[in-house]
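Q: I have a model open and would like to talk through a few local details. Could you help me read it?

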Amino acid sequence: MRKLASHVEGRWVEAEGRLETLVNPATEESLVEAGADGVDRAAALAFARTTGGPALRALTYAQRGELIRSVCDAIQSHRDELIGLAIANGGNTRGDAKFDIDGATFTLSAYADLGKSLGDTRVRVDGDGVQLGRTSRFHGEHVWVPRHGVAIHVNAFNFPAWGLAEKAAVALLAGMPVVTKPATSSALVAHRIVEILVEKQVLPAGALSLLMGGAGDLLQHVGPQDVVAFTGSGATGELIRGLAPVIRHSVRVNVEADSLNAAILGPDVEEGAETYEFYLKDVLRDMTQKAGQKCTAIRRILVPAPLADRVRDALVDRLATIVVGNPAQEGVRMGPVATAQQHKDVREGIDALARDGRLVFGQTAKPVGSPDGKGYFVGPVLIETEPGADAPTVHSREVFGPVATIVPYDGTAANAAALVARGEGGLVSSVYSEDVAFTSEVVLGLAPFHGRVFLGSAKIAEQSPGPGTVLPTLVHGGPGRAGGGEELGGLRGLAFYQQRVALEGSRPVIERITGAKSQG
Ligand code: NAP
């Protein structure tokens, strides 16, 4: 069977010893093997620091933007091939695969544009300078410069293309080399992306390295100029944060973890109204897209108690139309979950959630186009709780699959916000209402607990991709359970990879250093 090699120290390195088999989750057919035993992680990091770092820092922002544009174009030119791999290795429908791969190129393109707009400079000025003395000669200025370490990116299984690209785009524009480690189970897409970039010689040596297989001792070799950006479960995030070398060297760690995203329907919204339909459409999309394996997917459906039965019936009717099966098959709307472990976790999670309420929809139809008894299929599942029920699991356990729970609330903004806050911090929650006073109160109630709040209204329905889509221009991350991280957000994302330093001295000298240009 073909083995996926790592690309480190500027060359392909085959693993020795133990290998993991990557499978098609719809058929359980073996695809390739991957591993990283025998790959010298310390040397991989050192090469990135000493070769990739200087090459990137020698470039201006505009030049780094051009590199990112070339990465984007290279991926785009292999779009169909990558979609095929995502269908085979990720259980993705064609739509799911496009969401991942087009999300990658969209984000790369946005950061390429930002590079161009920053222009021919290597130093970014932060805000306005300040007069420090009697005269304007004694001056202070804050500037951003790239860190001299390596950016280690550890990604989750659900977005092998977008996860790689969204992190790499920001780090490369900031001037830091990247060592990226995709989740092993779905790594075929990420591996092919790096292979394409190597074939086309898009990036300078050491700017982007790929580690296949488990992380091993990778994070034991971090140094004081390095950063770690992690996406995955809260438990792994906690482990990474607590590693001795991370603590010893004050290594910056960004964690994107679990989230119990909520969608609140306002009490003003009537059945059949445009906003009502918009709400149902977004809930349905989030439950089924990528088989619910989206960190931003709606998990808690907050509905005013008098409307809860009708929302439930409408969702049940729509969920019943979802054809589950092998995504390579025409007409399939939802594929399997990604791995045998995911399958087990999701099924256990459904049982736990159902103990908080009642299972009102669970599809039992045989998956279309898969061999009998094969594939990690879980049909969409809807659970409902009683008004006022405590439902501790619903508010504390993220079930990472096509599963959501209806939580009736009393129709007040205060009650809705208090229920959502029980999730202890999330990536995104949303409110669907045309009542500005209600919306404002809910938004301010949700804001401290989220990285993003989505304001759903008929006015934006036609243009909106819904709360589940992460945009490069807005921050992604959230406090508490969501990991406390923050990524993207246009130029805001660069801060993680750079050092902000205050310069204090003679104004003409400082202006010479900064080029007297403010890039905000
Ligand atoms: P996971 O088990 O924590 O794995 C995530 C990544 O961490 C994988 O690349 C994994 O490698 C690696 N890893 C595992 N143990 C490690 C260790 N000891 N040291 C360093 N790296 C290690 O998470 P998962 O279950 O695959 O992912 C699903 C979770 O990700 C869900 O909870 C979801 O909410 C979250 N997620 C969050 C976001 C977000 O943006 N906030 C996005 C997507 C997913 P291997 O695959 O080789 O084990």
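Q: Let's begin with Ala-391: buried or exposed?
A: Keeping in mind that this is a predicted model, Ala-391 is buried, because its relative accessible area is 5%. Ala-391 sits in the loop between strand S16 (381-384) and strand S17 (403-409).

Q: And what is the phi of Ala-391?
A: Phi of Ala-391 is positive, about 45 degrees, although the residue is not a glycine. For background, most residues other than glycine have a negative phi.

Q: What about Glu-424, and where is it found?
A: Glu-424 belongs to the loop between helix H12 (413-421) and strand S18 (426-432), and its phi is also a positive value, near 60 degrees, in a residue other than glycine. With a relative accessible area of 53%, Glu-424 counts as exposed.

Q: Changing topic to charges, how many salt bridges does the structure hold?
A: The structure holds 26 salt bridges. One of the pairs is Arg-500 with Asp-126, whose closest N and O atoms are 3.2 Å apart. Arg-500 lies in strand S22 (residues 498-506) and Asp-126 in strand S6 (residues 124-131), so this pair ties together parts that are 374 residues apart in sequence. Arg-500 itself is partly exposed, at a relative accessible area of 43%.

Q: Which parts does the pair of Glu-271 and Arg-310 tie together?
A: The side chains of Glu-271 and Arg-310 meet in a salt bridge at 3.2 Å, N to O. Glu-271 lies in the loop between strand S13 (262-265) and helix H9 (274-288), whereas Arg-310 is in helix H10 (residues 308-319), so the pair ties together parts that are 39 residues apart in sequence. Glu-271 is partly exposed at a relative accessible area of 45%, and Arg-310 is partly exposed as well, at 39%.

Q: Which residues are linked in a network of salt bridges?
A: Asp-309, Arg-312, Asp-313, Arg-358 and Glu-384 are linked in such a network.

Q: OK, helices now. At what angle do H4 and H5 pack?
A: Helix H4 (residues 94-118) and helix H5 (residues 160-174) pack at about 10 degrees, and their axes are 7 Å apart. Since angles under 35 degrees count as roughly parallel, H4 is roughly parallel to H5.

Q: Which residues make that contact?
A: On the H4 side they include Ile-101, Ala-104, Leu-108 and Tyr-111, and on the H5 side Trp-162, Ala-165, Val-170 and Leu-173 are among them. The residues of this contact divide into 12 nonpolar, 3 polar and 2 charged.

Q: And H3, which of its residues are buried?
A: In H3 (residues 79-90), the buried residues are Leu-82, Ile-83, Ala-86, Ile-87, Asn-89 and Gly-90. These buried residues pack against strand S4 (20-23), strand S5 (30-34), helix H2 (61-76), H4 and helix H6 (188-199).

Q: How far does H3 reach, and what follows it?
A: H3 has 12 residues and reaches 15 Å from its first C-alpha to its last, close to the 16 Å expected at 1.5 Å a residue. Gly-91 follows H3, and the phi of Gly-91 is positive, near 70 degrees.

Q: Last one, Glu-199: how far is it from Ala-74 in space?
A: Glu-199 and Ala-74 are 9.9 Å apart in space, C-alpha to C-alpha, and 125 residues apart in sequence. Glu-199 is placed in helix H6 and is exposed, with a relative accessible area of 52%.

Conventions:
Residues numbered from 1 in each chain as written. Predicted model: local features only at pLDDT ≥ 70, side-chain atom pairs only at ≥ 80, totals over all residues. Heavy atoms only, no water. Axes fitted to C-alpha atoms, helices over the stretch in contact; angles between N-to-C directions. Helix = DSSP H or I, 4+ residues; strand = E, 2+ residues; numbered from the N terminus. Parallel < 35°, antiparallel > 145°, perpendicular 65-115°, else oblique. Contact = heavy atoms within 4.5 Å. Nonpolar A, V, L, I, M, F, W, Y, C, P; charged D, E, K, R; others polar. Expected span 1.5 Å × (residues − 1). Buried < 20%, exposed > 50% of the residue type's maximum accessible area, 1.4 Å probe, protein only. Salt bridge = Lys/Arg side-chain N within 4 Å of Asp/Glu carboxyl O.
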